[in-house]
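This report describes selected features of one protein structure. It takes up core packing, a sheet and disulfide links in turn.

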Amino acid sequence: MRICKKNIRLQDFTIMYFTAIAALMVILVASYQGPTNAVEVSDLKINPSGPLPPLPMPFRMSLDPRGDVQLSWNISYANQEVYIQLTVADIKHGVVFGMSDRGELTNADLVVLWDSGTNSYFGDAWSDSEGHVSLDSQQDYELLDAKHKPDGFHLLFKRPFSTCDPRDYLIEEGTVHVIYGFLEEPLASLEQLNLSRIHTGMQTVLMLRPDTLPPTLPPDVRTLDVLSPNVIIPHQETTYWCYIQKLPENMPKNHIVMYESVITPGNEAIVHHMEVFECSADKGDVPEYSGSCDDKMKPNKLDFCRHVLAAWAMGAEAFYYPPDAGLPLGGPSSSRFLRLEVHYHNPLIISGRRDSSGIRLHYTPSLRRYDAGIMELGLVYTPIMAVPPKQNSFYLSGYCTSECTQTALPSGGIYIFASQLHTHLAGRGVRTVLVRAGKELEVVQEDKHFSTHYQTIRVLRKMTNVLPGDVLITKCTYNTEDRSKPTLGGFGIMDEMCVNYVHYYPRTKLELCKSHVDSGYLQKYFNFINRFHGDDHCVCDVDVTEQYSKLQWDAFSGEVLDSLYNTAPISMHCNQSSAHLFPGEWDKKPVPVVTSILDKPRYPCEGGAPPTSKPPTPQV
């Protein structure tokens, strides 16, 4: 009897042991299975939800300094989608691509291709405030193709502009900060990935571009190359190189109808952006120069070469003028000297690399119907306008008033077809709106993620017709959280600007339409703040720069200054090309009263608001 009971206990123990082993095996197998809402690449079947874009992609750029990863893309405005292709020269265990507000690795919208050692997976992901990566419960990136080709591994996918996922980046017009990274080791789980522990990088790009076909160039078009003279790129991370080029003697008036970049092969990832400026005609001859734009020994006359003719930034395509207009080049009233400025971004500190990059101007002697012009909108370059220290978001607005446009514009108005936004290092956003009869009519140009390191002339998807009596308001956003002193308006890189150089036709005598707060009301502000802080001493005989520096800055001082800028009268600079004001009274003008009607969302759930019910998340 006892033996029988002993055998039963042994049998029970045996059953329990093997049951536990079986359960453990199930757990282990499950732990190595792929994530339920990621795509296993080996199981991919090409069955996209919409038609594939025409290949090759029309827009492309190198992401890393060596050119090992290429980004190319196409846009479908009809479907509100972006098609993206990554080409990785030497992929090991995966690649990361994503977007974030300022190029941060934290709180980024990501798409990841990774392998677990046995299988490869593709999925929509996000990073938290410490760079840890998690798979997104809502998969909005759709994998279209993944294959090895002779030039590397090609990964093709698409994503809507707006996904209604609060963890996703809203793709809109303006600068996009793109981040990328390389996986050197397999990942058993995506949650093992921390972006701070892998090789990563960042680039800026205009993701959304106009979808119009470029106009045909005239048969008598000629070219003028404005190129760096075989420069040895300095072995430092950032260099701004300036070069003076002289136009041919007695060059008659022509029209620039297109320009494009010329990049020395092999330097595509180092030449970051370039601009060509026309020098001031009334300054006469400009000395020859080829060297750093920051060199204190450079000729002083280089500072008078500020009239923008062309601007290119990494990833930009050729710039075409409208069929009826061209930008004047040459002629008796223009300067014969041009300044080329090239920004070299050399983070790998490569030495001995030579460069002859620049811009090729396409021009025609057959003048078009209209001269194109460039007009400055925004704030006057003056220390009267300032941004307090320690500000997360501080706004300054410059006005082109109805009195100025009524005085200076023709009866049919002008047509803005492109613009170049400009701030210095504290700038975070720029927006120009057209106001008619006291109501916002349309946004001329806006960039919510603006970077001073990425400035190019941007063609508008739709031209803006500005009529006499209209108002143009340019509003800039600044961040000075890292500064302990006020940031004043001025020309230095640590000073600030708020400008939109709009390209338009037909050309008028109006070259500058900008404003600043009335200096008398600013003096009242200084007196009030000083008395509030217990200082009754009059500072009326001290210049504005010193008054700002001596001010006691706190939340109250900043709030009152913001209120002053939004309500106090303004002084207008309604300037002719000759730098003289148009006839009229331009001081102590009231700030235009505007009804805002343009802030409604342009996409469903814009701003990251989640939808009322999420769609099914898995992709299989």
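## Core packing, sheet order and disulfides

Apart from neighbours within four places in sequence, Leu155 is in contact (heavy atoms within 4.5 Å) with Ile84, Gln85, Leu86, Val95, Leu113, Phe122, Leu143, Asp145 and Ala146. The model is predicted: local features need pLDDT of at least 70 and side-chain atom pairs count only at pLDDT 80 or more, whereas totals for chains, interfaces and linings use all residues. Residues are numbered from 1 along each chain as its sequence is written, and side-chain values use heavy atoms, with hydrogens and water left out.

Leu155 and Trp73 touch the most other members of the largest nonpolar core, which has 86 residues. Such a core is a set of buried Ala, Val, Leu, Ile, Met, Phe, Trp, Tyr and Cys residues joined through side-chain atoms within 4.5 Å. Buried means under 20% relative accessible area, exposed over 50%, and partly exposed in between (1.4 Å probe, protein chains only). A second, separate core comprises 29 residues, including Cys404, Ile414, Val444 and Ile473.

Helices (H or I, at least four residues) and strands (E, at least two) are DSSP runs, numbered from the N terminus; two strands pair if DSSP finds at least two bridges between them. Six strands form an open sheet of mixed pairing, in the order S32-S29-S35-S26-S36-S37. Its edge strands, S32 (458–466) and S37 (570–576), each pair on one side only. Within this order, S29 (residues 414–422) and S35 (residues 499–505) run antiparallel and are joined by seven bridges. Leu421 stands opposite Asn500 in S35.

The whole structure holds five disulfides, a disulfide being a pair of cysteine sulfur atoms within 2.5 Å. Three of them are tabulated with their sulfur separations.

| Disulfide | S to S distance |
|---|---|
| Cys242 and Cys293 | 2.0 Å |
| Cys400 and Cys513 | 2.0 Å |
| Cys404 and Cys574 | 2.0 Å |

The link of Cys242 and Cys293 is right-handed, with 110° about the S-S bond. Cys242 lies in strand S15 (residues 238–246) and Cys293 in the loop between strands S18 (290–292) and S19 (307–313), 51 residues apart. Both Cys242 and Cys293 are buried.

For Cys400 and Cys513, the torsion about the S-S bond is about 90°, so this disulfide is right-handed. Cys400 belongs to strand S28 (residues 394–400) and Cys513 to strand S36 (residues 510–517), so the pair ties together parts 113 residues apart in sequence.

The torsion of Cys404 and Cys574 is about 85° about the S-S bond, so that disulfide is also right-handed. Cys404 in helix H2 (residues 402–408) and Cys574 in strand S37 are 170 residues apart. Cys404 is buried, with a relative accessible area of 0%.
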